[in-house]
Amino acid sequence: MLDPAESRPWRQQMIERQLLARGVSNRAVLQAMQEIPRELFAVNLPLELVYRDGPLPIGQGQTISQPFMVAVMAALLALPAEGKVLEIGAGSGYGAAVLSRLARQVVAVERLPELLLQAEKRWQQLGLHTIHPVLADGSIGCPEQAPFDGIVVTAAAPAIPPSLLQQLRPDSGRLVVPVGGRAEQILQVVSRDAAGRITVSDQFACRFVPLLGREGWPC
Ligand code: SAH
């Protein structure tokens, strides 16, 4: 794994001040956040900005989530080590890179071709070969690859997309998705048992760019 010496102290500081200080304690998640150089996903920005406590612009009106959000979402998935995870909204590719350290396989769906192409180059550069890129409307998930142990949506949905629920592994699978209006959402963790009963657990308020598509907002 590429491990640029210049950004090592920045990553360490990010982990201490933004994650540990706020209660993120999952060791595998912290290790993954330590390993993935965020600067590769937000090129031409000074490290000070790349590792700040907030989201970053990645072009086309999209953003990479705040490090804290990436870590919390990954922890909420509670993935088994050999798990298979679906990320909707690959964007820069940073979130999928982090997830690839926590699961056996990542399916990363993005609707904007330019973003997905760039993300793929970065995954290759880092030698992350377990991320499977899909250019599609991810609001309907990826039925061919289902079921998933975890599904994470990094864009805001107006309601829990039914297709995503269908593609969760019954009993153990978890869906992490921001649900609400265009301006603000609640991060929800959703699971489904074998009988189809749904459990929803509200986490906290958040702000994501909209999930556009059939089971998202109209394009
Ligand atoms: N996880 C990303 C951040 C993504 S920002 C990262 O780590 O960089 C949200 C992304 O969701 C944007 O790239 C946007 O184009 C994408 N998106 C929005 N609606 C989508 C849909 N229906 N299917 C797939 N991607 C979608």
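The legends below accompany close-up views of a predicted model. Local features are described where pLDDT is at least 70, side-chain atom pairs count only at pLDDT 80 or more, and totals for chains, interfaces and linings use all residues. Residues are numbered from 1 along each chain as its sequence is written, and side-chain values use heavy atoms, with hydrogens and water left out.

**View 1**
The ligand is surrounded by 26 residues, the closest being Ser92, Glu110, Asp137, Gly138 and Leu212; a residue is counted here if one of its heavy atoms lies within 4 Å of the ligand. Strand S2 (62-64), helix H5 and strand S4 each supply at least two residues of this shell, and S2 gives the most, with three residues. Helices (H or I, at least four residues) and strands (E, at least two) are DSSP runs, numbered from the N terminus.

**View 1**
An N or O atom in the side chain of Ser92 is 2.6 Å from an oxygen atom of the ligand, while a polar side-chain atom of Glu87 lies 3.1 Å from a ligand nitrogen atom. Taken alone the ligand exposes 580 Å², and the protein buries 99% of that; accessible areas come from the Shrake-Rupley method with a 1.4 Å probe, and for residues only the protein chains shown count as cover.

**View 2. Gly138 in its loop.**
Gly138, one of the residues closest to the ligand, is found in the loop between S5 and S6. Gly138 counts as buried, because its relative accessibility is 6%, where buried means under 20% relative accessible area, exposed over 50% and partly exposed in between (1.4 Å probe, protein chains only). The C-alpha atom of Gly138 is separated by 7.3 Å from that of Gly89, although the two residues are 49 apart along the chain.

**View 3. The salt bridge between Glu35 and Arg101.**
The side chains of Glu35 and Arg101 form a salt bridge with an N to O distance of 2.7 Å, a salt bridge being a side-chain nitrogen of Lys or Arg within 4 Å of a carboxyl oxygen of Asp or Glu. Glu35 lies in helix H2 (residues 27-35) and Arg101 in the loop between helix H5 (94-100) and strand S4 (105-110), so the pair ties together parts that are 66 residues apart in sequence. Arg101 is partly exposed, with a relative accessible area of 38%.

**View 4. The salt bridge between Asp149 and Arg169.**
Asp149 and Arg169 meet through their side chains in a salt bridge of 2.7 Å, N to O. This pair links distant parts of the chain, 20 residues apart, with Asp149 in the loop between strand S5 (131-135) and strand S6 (150-153) and Arg169 in the loop between helix H7 (162-166) and strand S7 (174-180). Asp149 is buried at 8% relative accessible area, whereas Arg169 is partly exposed at 32%.

**View 5. A network with Asp3, Arg8 and Arg11.**
Salt bridges link Asp3, Arg8 and Arg11 in a network, including the one between the side chains of Arg8 and Asp3 at 3.1 Å, N to O. Arg8 counts as partly exposed at 38% relative accessibility, and Asp3 likewise counts as partly exposed at 37%. A search of the whole structure finds six salt bridges.

Terms used: Polar contact = N/O pair within 3.5 Å; in protein donor to acceptor, adjacent residues only side chain to side chain.
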